Amino acid sequence: MGALLDTPKTEKYNEHGSGNGLHYGVASMQGWRMEMEDAHRAITGLKGGLSDWSYFAVFDGHAGALVSAHSAEHLLECIMQTEEFKAEDVTKGIHSGFLRLDDEMRELPEMSSGTEKSGSTAVCAFISPRNIYIANCGDSRAVLCRAGDPVFSTRDHKPVLPAEKERIQNAGGSVMIQRVNGALAVSRALGDYEYKNLKDRGPCEQLVSPEPEIFVRDRDDEHDEFLVLACDGIWDVMNNEDLCNFIHSRLLLTDDLEAVTNQVIDTCLYKGSRDNMSIVLVTFPAAPKPSPEAQKKEAELEMAIERRIKEIVAEQKDKNEFDFLQLLQLLVDQEFPNLPPGGGLSAKQPFIEQVFREVCPSRADSITFQQYSSPFLQSKLNSPITDFNNN
């Protein structure tokens, strides 16, 4: 993971848009990492007679941000310029486009000189009127939610997967501590050219492969709810069911997709993610709509939390010594109805902090992010008591 900041950078980048019957929201945050290495792209309405197609992608860089940024800028064009894509063979066009981009980036001055050694995962989706084409290279992930359940997920390309491990060993490498040659945590990525120097082997037979795994899904406009593309900073602390349940529950409260993606990132931060975080959320026509009943339950939850916080503070003999960590440790043992599924009490941390500042203004300085790294607190925050939908 490398060095971390003393305090996470929580400023978010957001964007949103709509087109072709789709809506999307984007959120990204540097978090605890020393620099932001994620990148993304979101477009509704492609050129070249494909105005009814859309494209979304997330790139998670490592050892630098050059490859992720360059890939975000150029992967779409590399795919669309292939002869296969022009001939309407989308799957082969995506495959060729990934390999073409990886080959072209090798000639970038920073790469050819050896001064830049970065790499990046990539997960992208083309959404046409009839199909969803999803390509994955690395351990960023795409999940499709249909009728409230994750019905499809890409596979994370880790060195311990049997086929990945076999390729690595055939290329003269090894898998140690679940990493390529004990160093790289993903077995497929763009860039990472120090792992792609075997002259007698093709691009997909190197220690690290730029080959995407490609999936095609038929669209189901009656049941498709949303598609999530996210880097491993999200998936490190929320599994597919967690995230689908959480997003589904938030869409019942608001149709502001930036707000929903921000809540995902904040929840993951409080759940203990130490990585950069990026998420692209794409909703289909069958996505949940804001519900007065759900909004009422959320308001009742917040009233219950606020009431309990005030009770706890009132019970303290010395309020000047009572701090926020003590409050959290007491709250995690409470059973609150209607906690956000998949998010649990972690999803309400911003609200808890807000109430604590109002009730104990003299102790507001006791609110720090360091407390969330406590293994004890994390185990309690993510326990079935506070998150009964967590698998």
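Reply: Arginine 188 is buried, with a relative accessible area of 10%, where buried means under 20% relative accessible area, exposed means over 50%, and partly exposed covers what lies in between (1.4 Å probe, protein chains only). This is a predicted model, in which local features need pLDDT of at least 70 and side-chain atom pairs count only at pLDDT 80 or more, while totals for chains, interfaces and linings use all residues. Residues are numbered from 1 along each chain as its sequence is written, and side-chain values use heavy atoms, with hydrogens and water left out.

Arginine 188 forms a salt bridge with glutamate 164, and the closest N and O atoms of the pair are 2.8 Å apart; a salt bridge here is a side-chain nitrogen of Lys or Arg within 4 Å of a carboxyl oxygen of Asp or Glu. Because arginine 188 lies in the loop between β10 and β11 while glutamate 164 lies in helix α5, the pair ties together parts that are 24 residues apart in sequence. Helices (H or I, at least four residues) and strands (E, at least two) are DSSP runs, numbered from the N terminus. Glutamate 164 is buried too, with a relative accessible area of 2%. As a general point, side chains of opposite charge can pair when their charged atoms come close.

The loop between β10 (179–180) and β11 (190–191) also holds asparagine 181. Although asparagine 181 is not a glycine, its phi is positive, at about 50 degrees, and with a relative accessible area of 35% it is partly exposed. Threonine 154, for its part, is placed in the loop between β8 (149–153) and α5 (162–170). Threonine 154 is buried at a relative accessible area of 5%, and, leaving aside its neighbours within four places in sequence, it is in contact with Ile134, Asn136, Ser140, Arg141, Ala142 and Phe215, contact meaning heavy atoms within 4.5 Å. Ser140 and Arg141 are also among the contacts of alanine 230, again leaving aside neighbours within four places in sequence. Alanine 230 is found in strand β13 (residues 224–230), and at 0% relative accessibility it counts as buried.

A search of the whole structure finds 21 salt bridges. One of them joins the side chains of arginine 33 and aspartate 275, at 2.9 Å from N to O. With arginine 33 in strand β2 and aspartate 275 in the loop between α8 and β14 (277–283), this pair ties together parts that are 242 residues apart in sequence. Arginine 33 counts as buried at 16% relative accessibility, and aspartate 275 counts as buried at 6%. In another pair, the side chains of arginine 308 and glutamate 311 meet in a salt bridge (3.1 Å, N to O); these two residues are separated by about one helical turn, because they stand three residues apart in helix α9 (residues 292–315). Arginine 308 counts as buried at 18% relative accessibility, whereas glutamate 311 is partly exposed, with a relative accessible area of 37%.

The side chains of arginine 250 and glutamate 298 meet in a salt bridge of 3.1 Å from N to O, and Arg250 and Glu298 are linked with Glu302 and Lys348 in a network of salt bridges.
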